[in-house]
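Colleague: Hey, could you walk me through this one? I'm new to reading structures.
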Amino acid sequence: MRSYRTLFRTPEFTPFLLSFAASAAAQTIGSLALGTLVFRATGSPLLAAVSMFGPQLAQLAGATFLLSGADRLPPRAILTGLSLAFAAGTAVLALPGLPVRAVLAVVLLQGLVASLGGGVRGGLLNDILTKDGYVLGRSVYNMLWGLTQVAGFAAGGALLALLSPRACLLLAAALYLVSALGCRLGLTARPPRAAGRPSFSATWRTNALLWSSRSRRLTYLGLWVPNGLVVGSDSLYVSYAPGAAGTLYACGALGMFLGDMAVGRLVPPGVRNRLATPLRLLLAAPYLFFVLRPGVALSAVAAAVASVGFAASLVLQERLMSLTPDDLTGQALGLHATGMAALQGVGAALAGTLAQLTSPAAAMTLMAAGSIAVTLVLAALGRRERRHPAAPGTRSDGLPLPTATDQA
């Protein structure tokens, strides 16, 4: 499947995208409003960053306890329920006089609940599309996320100039309700992808199986760590340029859109597989110049150029799918999504702490340097793995690869 026309003729693909777009718009507008609300109340770059990106850290706990539900629960019901839960939580965040501690508690609970979302959506997309359509479909999914962020951050910045942050949070809650309605009416009621009851033990066993392969481990680390460190830099936009944070986020989202479009649609598969390291380096390199404290215009250009590098995740997700059994795709993608979100939360907390001790500009530069160092180490380990691969049908430690049935 190499054309957008064929892709959009696939049943359920369009309603799947539209429900995701409503949820993504809610997340974008809501996170900017919440970060602004917390920064105005506390003046703390750390608390502002954690309020925006801290929920991702809570997803790590969800990956440990809940992730087996990505393949063992009906996807339409889960996606509808998640949107309703986020609508309720975001409405609570809009309550006047809510203490900052209570705000952080709510957003961490939202992160825990959201841990199922990435796996359910990724697995459902894999079900809706044919194997040869996954990369193109995922690129459209990522492009939509980028476009929604452009529009959401631009609209969020404009709305914050006209309305209070709490009013913007209520708008985000309404968008979550729209997403829930789209999931309920637009998606087919599919049965679970895998047999068995979701549980802590099932989640743990399958995560252990996914992590048992050295090739998958390197792929996961490549998806998580460089991305998380750069998102730590992104989390400081509010404290770096309080009046132009929406512009910086929107330009970053535009760069992400262009990168996903180019890599997903224009780059041949043989070339695409070689772009993972260059794209991860591009993701971090422009942030090295923030040590010079550039103005808003140059910062926006740097954010856009850097965000083209987020397309590395598309390349690495394709690699992950080639290394994963079909009936574990939901949990494999869920582990990717929650691990990436958790590392983004860690990155935001680390960047906020560095900004408290130094300055937002210095912290952004340090996080970018760390991302580049990790990318180079992973590239060296990947070259060693290709020179000494594991035997077919075995884990990298030489043991037989368990079947999905063994994990039920």
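Predicted model: local features only at pLDDT ≥ 70, side-chain atom pairs only at ≥ 80, totals over all residues.

Colleague: Okay, salt bridges then. How many are there in the whole structure?
Modeller: A search of the whole structure turns up three. As background, side chains of opposite charge can pair when their charged atoms come close.

Colleague: Which residue does Glu12 meet in a salt bridge?
Modeller: Arg190, at 2.8 Å from N to O. This pair links distant parts of the chain: Glu12 is in the loop between α1 and α2, while Arg190 is in the loop between α8 and α9, 178 residues apart.

Colleague: And is Glu12 buried or exposed?
Modeller: Glu12 counts as buried, because its relative accessibility is 15% and the cut-off for buried is under 20%.

Colleague: What about Glu385, which partner does that side chain meet?
Modeller: Glu385 pairs with Arg214, again in a salt bridge, with 2.8 Å from N to O. Glu385 belongs to helix α18 and Arg214 to helix α10, so to speak two distant parts of the chain, 171 residues apart. Glu385 is buried at 10% relative accessible area, whereas Arg214 is partly exposed at 24%.

Colleague: Where do the two residues of the Arg272 and Glu318 pair sit?
Modeller: Arg272 is in helix α13 and Glu318 is in helix α16, 46 residues apart. The closest N and O atoms of this salt bridge are 2.9 Å apart. Arg272 is buried, with 2% relative accessibility, but Glu318 is partly exposed, with 26%.

Colleague: You mentioned α16. How many of the 11 residues in that helix are buried?
Modeller: Eight of them are, so α16 is largely enclosed by the rest of the structure. Among the buried ones are Leu314, Val315, Leu316 and Met321.

Colleague: What do those buried residues pack against?
Modeller: Several helices, including α7, α10, α12 and α17.

Colleague: Now the greasy inside. Which residues touch the most other members of the largest nonpolar core?
Modeller: Phe13, Phe16, Leu34, Tyr237, Tyr249 and Tyr287, out of 93 residues in that core. Helix α2 gives the most to this core, with 11 residues. Another core of six residues lies apart from it, and Phe86 and Tyr176 are among its members.

Colleague: And what forms the nonpolar patch on the surface?
Modeller: Phe65, Leu66, Leu109, Leu112, Phe200 and Trp204, with about 600 Å² of accessible area together. Helices α6 and α9 each supply at least two residues of that patch. Leu112, for one, lies in α6 and is partly exposed at 31% relative accessibility.

Colleague: Last one, the glycine. Where is Gly119, and what does it touch?
Modeller: Gly119 is in helix α6. Not counting residues up to four places away in sequence, Gly119 touches Ala70, Gly330, Leu333 and Gly334.

Colleague: Buried or exposed, that Gly119?
Modeller: Buried, with a relative accessible area of 0%. Gly119 and Leu328 are 209 residues apart in sequence, and their C-alpha atoms are 10.0 Å apart in space.

Definitions and conventions
Residues numbered from 1 in each chain as written. Heavy atoms only, no water. Helix = DSSP H or I, 4+ residues; strand = E, 2+ residues; numbered from the N terminus. Buried < 20%, exposed > 50% of the residue type's maximum accessible area, 1.4 Å probe, protein only. Contact = heavy atoms within 4.5 Å. Patch = residues over 30% accessible without salt bridge, like charges linked within 9 Å, V, L, I, M, F, W, Y side chains within 5 Å. Areas by Shrake-Rupley, 256 points an atom, 1.4 Å probe, with all protein chains shown as cover. Salt bridge = Lys/Arg side-chain N within 4 Å of Asp/Glu carboxyl O. Core = buried A, V, L, I, M, F, W, Y, C linked by side-chain atoms within 4.5 Å.
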